[in-house]
Each structure stands twice: as structure tokens, then as C-alpha cells.
Amino acid sequence: MTTIARLLNPALALALVALAEPAFAAPSVGAKAPAFKIKDTNGKVYALADFKGKTVVLEWFNHGCPFVRKHYESKNMQKLQKRWTDKGVVWLSVNSGARGKEGFEDTKSTNKTAKAVGWAGTALVVDDKGELGKLYGATATPHMFVIDAQGNLVYAGAIDSIASTDEADLAKADNYVDAALTAVTTGEPVKVAQTQAYGCGVKYK
């Protein structure tokens with residue numbers, strides 16, 4: 001960590017660490033989303049092709065991360081998940097933390113954590129080999145992606161406009177994911193299609 005980061009408050013220092021994580025070749029917003037096949041924490045296999053005609057959200061998470069905790073302890077993330085899954089959106093929550101590194105949880109632990117926080121998505125994915133995370137260029141938790149019903153990546157980046165761990169900022173922030181979902185489900189263009197993700201860096205293998 002740089003000297004500047006050490007001098008800043010811990011939350012901002014964490015954000016800077018996330019931004020400094022190694023970058024992978026991220027897919028282009030506006031192009032077809034990369035195809036994938038994954039297994040959820042209950043053993044069910046999903047492929048992106050299975051969701052043809054549906055909007056899909058990919059959420060990278062690590063429940064030990066204070067940026068993620070802001071959105072879960074406030075119920076902001078769960079409300080967003082429920083609001084949109086109730087409208088037919090597919091919501092996949094992914095943990096790409098490698099075994100032995102900060103953020104990793106096995107399938108049993110992930111299911112236990114999800115139940116405890118009231119997670120309301122479609123499926124949970126333990127991506128400890130980092131294959132899905134690297135495919136999408138996920139660098140932080142939370143890092144969010146929205147794929148429209150035609151399979152195009154229409155949003156990639158932060159969940160909202162204020163990079164902090166303070167729950168009080170939620171009311172003041174522009175929620176980019178909610179805005180993108182509102183746009184694609186009403187046939188409108190996504191006004192803010194790409195932003196810089198903030199949060200804790202994904203600890204890849």
C-alpha cells in the first residue's frame with residue numbers, strides 16, 4: 001500500500017487497494033457478454049445460455065468486506081435483489097476469493113452466511129479458481145454487471161456513485177445497477193453504462 005493510502009482513512013485506503021488489484025481482460029460494454037457455465041452452492045449447473053430472454057445480474061461479493069457489509073447490513077442489496085428477482089431478473093452472486101485467501105468461503109459456509117443476511121438472489125456461486133471472475137474482469141467486491149435479455153453486457157462497474165463504507169451515504173448515492181435494470185426492462189438505453197468499481201480487491205488464486 002502506498003504512503004498516501006496509509007495516511008487516508010481506512011475505508012478509502014481499502015478502496016485504493018481494490019483499484020490496485022491486477023486487471024484482467026474485461027468484456028466490452030455493449031458487446032455480447034462472455035458465455036459461462038457454473039455450478040451453484042447447491043450443485044445446480046447454470047449456463048448463461050439458459051437465461052436467454054432474461055436480464056441477468058452478476059454481483060461479486062465477500063461478506064467480510066466492509067463495502068459489501070454496508071450494502072447487506074443496511075439491507076440495501078437484499079432489497080435490490082428481491083425487487084428485481086420478483087420482476088423476473090436472474091441474480092447470480094459470485095465469490096471469487098481463492099482458498100486460503102481473505103474472503104474465501106466454501107459452499108456450506110456461503111449458504112449459511114446467505115441465510116443469515118437474508119440474501120434474496122437467484123443463485124450463489126463459489127468461484128474459488130477465479131474462472132468466472134477473470135472472465136468478467138471482476139476486481140472488487142462489490143463489482144456489478146448487468147446483461148440484457150439479448151445477452152449484451154449493458155452495465156459494468158460500481159453498485160453506486162459513492163465509494164464509502166458509510167450506510168448514511170446510501171440515500172445520497174445514485175444506484176447505477178437499479179438505474180440500469182430500470183432502463184433495460186423498460187426498453188430504454190442505459191445512461192451510465194460503465195463506472196469504476198470500488199471495494200475490497202478480489203483475492204484470486
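pLDDT is the predictor's confidence in each residue, from 0 to 100. This is a predicted model, in which local features need pLDDT of at least 70, side-chain atom pairs count only at pLDDT 80 or more, and totals for chains, interfaces and linings use all residues. Residues are numbered from 1 along each chain as its sequence is written, and side-chain values use heavy atoms, with hydrogens and water left out.

**View 1. Confidence along the chain.** The protein chain has a mean pLDDT of 91. Of its residues, 88% reach 70 or more. Over residues 1-22, pLDDT stays under 50. For that stretch the model has 24 contacts (heavy atoms within 4.5 Å) beyond four places in sequence.

View 2. The structure holds 1 cavity of 30 Å³ or more. A cavity is a set of points, on a 1 Å grid over the protein atoms alone, where a 1.4 Å probe fits but cannot get out; lining residues have an atom within 4 Å of a point. Grid points are joined across faces, edges and corners, and the volume is the space filled by probe spheres set on the points. The largest cavity contains about 50 Å³ of space. Its lining includes Trp60, Phe61, Asn62, Glu102 and Lys203. Asn95, Ser96, Gly97, Gly103, Thr141, Gly201 and Val202 also line this cavity. By class, 3 lining residues are nonpolar, 7 polar and 2 charged. Here Ala, Val, Leu, Ile, Met, Phe, Trp, Tyr, Cys and Pro count as nonpolar, Asp, Glu, Lys and Arg as charged, and the others, Gly among them, as polar.

**View 3. The Glu102 and Lys203 pair.** Glu102 and Lys203 form a salt bridge, with their closest N and O atoms 3.6 Å apart. The two residues are 101 residues apart and link distant parts of the chain. Glu102 sits in the loop between strand E4 (90-95) and helix H5 (107-117), while Lys203 is in the segment after E9. Helices (H or I, at least four residues) and strands (E, at least two) are DSSP runs, numbered from the N terminus. A salt bridge is a side-chain nitrogen of Lys or Arg within 4 Å of a carboxyl oxygen of Asp or Glu. By this rule there are 6 salt bridges. Glu102 is partly exposed, because its relative accessibility is 43%. Lys203 is also partly exposed, at 25%. Buried means under 20% relative accessible area, exposed over 50%, and partly exposed in between (1.4 Å probe, protein chains only).

**View 4. The Asp178 and Arg83 pair.** A salt bridge joins Asp178 to Arg83, with the closest N and O atoms 2.8 Å apart. This pair too links distant parts of the chain: Asp178 is in helix H7, Arg83 in helix H4 (residues 76-85), 95 residues apart. Asp178 has 18% relative accessibility, so Asp178 counts as buried. Arg83 is partly exposed at 39%.

**View 5. The Asp86 and Lys82 pair.** Asp86 and Lys82 meet through their side chains in a salt bridge (3.2 Å, N to O). Asp86 is exposed, at 56% relative accessibility. Lys82 is partly exposed, at 47%.

**View 6. Surroundings of Thr55.** Thr55 lies in the loop between strand E2 (45-47) and strand E3 (56-60). Thr55 has a relative accessible area of 9%, so Thr55 is buried. Leaving aside neighbours within four places in sequence, its contacts include Val89, Val90, Asp148 and Leu181.

**View 7. Surroundings of Val192.** Val192 lies in the loop between helix H7 (176-185) and strand E9 (200-201). Val192 is partly exposed, at 37% relative accessibility. Not counting residues up to four places away in sequence, Val192 touches Tyr155 and Tyr176.

Definitions and conventions:
On a 1 Å grid over the protein atoms alone, a cavity is a set of points where a 1.4 Å probe fits but cannot get out, and a pocket is an open set with protein on both sides within 12 Å along at least five of seven lines; lining residues have an atom within 4 Å of a point.
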